[in-house]
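Thanks for making time this morning.

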Amino acid sequence: MRIEIWADPVCPWAYIGKRRLDRALAGWDGEPVEVVWRPFRIDPTTPVPSVPHDGSTKEQLLKGLGIPAERDSDSDCGDGDGDGDGQACTPGTAPGEQAPRVAEIAAAEGLGPRWGAAWRASSHDAHRLLVLARRHGGAALQHALAEAVMKAHFTEGRDIGHAETLEQLAAEAGFPEAAALLAAGGGDQEVKELLLIGRARGVATSPTLVVGGRALAGAQSPETVTAFLRDSAGQPERRLPAEVERLRYADALLDRRDPLGALTLLRPLLAEHGDEPGVRLLAARAYFASAQLGRAASLLEEIVAESPDDSFARLLLGRTLTRQGRTAEAAVHLSLAAAMTPEYAS
C-alpha cells in the first residue's frame, strides 16, 4: 500500500503529522506500506534567499509557525480542524498563544526542546531534494530526509532554503551525490508538475495523506491514521495510463481556472501525442482561457478542418475569432455550432 504525504516541510503540522504517522506505522500489522512524500506549498511568496524572523509581530509569529499570515485560499496548514490561518490551526487560542500551543503539541510528539523556525525559507529546493532522494535512493531515504529537513527547520534553527544546508543534510543521510544534482537543477520540473497535480487532485491542506483515491487531511492522531489505513487497505485502486492521468489533471486545472498550469502538464502530451483530438482540444481550451488567442485559433482551425462536425470546437473557434475581432469569420462557425447543437445558440 502506498501512502502519499502531500506536505510542506515549513508547515509545523507536516512535522507533527509525520511523527504521528510514524507512530501509527510502528503498530501497523497490515499489508506492507511505502511512504512517498509529495510537494505542497503553504506560502509560495516566501523569499529567496531566506530571511530571518524574530516573532516580534503577529505576522512574524505565524511565519515562525510556518503559517502564512495572509491565507492563500488554496494553501492550508493544519491539524485537520481549521482553515490554514494560525487561529484555525490552534482553535480557541489568541494569536499570541498560538506559538506556545503548537510548541506544546510538538513537544508531546517528541519534537524539541527548542521549537520554531528561525528562518522564513522557501521550501522549493527542499522539495527538489526529496524528489531526488526517492528517485536515486528510494522511499526510505526520502522519508529519512523529510525528517532531517523538518528537524533542521523547526528545532535546529537552520536555513533549509540554503543549498549548503540541504547538501549537508543529504550527505549525513548517505546521499552525497545530492549536492551535484541540486546544483544542476535536478528535480525542478518534477516538483513544479507535482505541485500542479496536487492542486488538480484537490489537495488543499498540509499534511494530507492519500491512499488510492482516499484522502485524510491534517495532522491526525495515530489512531485516526490507523483507522484510515485499515479502511483504505484492500480497496481496489484503479490505475490509469500515465498519459490519461496527465490529461485528466490538466482538465481539472482548467476547471480550477489555472490554464497555464494545464498547459504545463499538457506540454509533454502535445510533444508525444499531438495528433490526439482530446489532447489538442484541451490545449486549445487552455490557450483560449489564457488569452493566447493566436495559438487557440490555429489549433482549432486544424481540428475543425479534420472534424467538421465537432460543434464544440466550432463554438470555441467562433468565440476565439470574436475576441480577435474577426467577427465575420466567427459568425460562420458560431452559426454552424448552434445548428449542430442548439444549446450553443444562447
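The residues that line the largest pocket divide into 16 nonpolar, five polar and 15 charged, where Ala, Val, Leu, Ile, Met, Phe, Trp, Tyr, Cys and Pro count as nonpolar, Asp, Glu, Lys and Arg as charged, and the others, Gly among them, as polar. Before I go on, this is a predicted model, in which local features need pLDDT of at least 70 and side-chain atom pairs count only at pLDDT 80 or more, while totals for chains, interfaces and linings use all residues. Residues are numbered from 1 along each chain as its sequence is written, and side-chain values use heavy atoms, with hydrogens and water left out.

The volume of this pocket is about 1000 Å³. Of the 36 residues in its lining, Glu4, Arg201, Arg239, Glu245 and Tyr249 are the closest to its centre. On a 1 Å grid over the protein atoms alone, a pocket is an open set of points with protein on both sides within 12 Å along at least five of seven lines, a cavity is a set where a 1.4 Å probe fits but cannot get out, and lining residues have an atom within 4 Å of a point. Grid points are joined across faces, edges and corners, and a volume is the space filled by probe spheres set on the points.

Which element gives the most to the lining of the largest pocket? It is α11, with six residues, and among the elements that each supply at least two are β1, β7 and β8. Helices (H or I, at least four residues) and strands (E, at least two) are DSSP runs, numbered from the N terminus, and the chain has 16 helices and eight strands.

Let us follow β1, residues 2-7, of which five of six are buried, meaning under 20% relative accessible area, with exposed over 50% and partly exposed in between (1.4 Å probe, protein chains only). Strand β1 pairs with β2, residues 34-39, in the parallel sense over six bridges, and two strands pair if DSSP finds at least two bridges between them. Together with helix α1, residues 12-26, these two strands make a right-handed β-α-β unit; right-handed here means that, with the strands pointing away from the viewer, the path from the first strand over the helix to the second runs clockwise. Strand β1 is also joined to β7, residues 208-211, by three bridges, and these two run antiparallel. Trp6 has Arg38 as its bridge partner in β2, and stands opposite Thr208 in β7.

Leaving aside neighbours within four places in sequence, His153 is in contact (heavy atoms within 4.5 Å) with residues including Pro9, Trp119 and Ile160. Over the whole chain of 346 residues, 49% count as buried.
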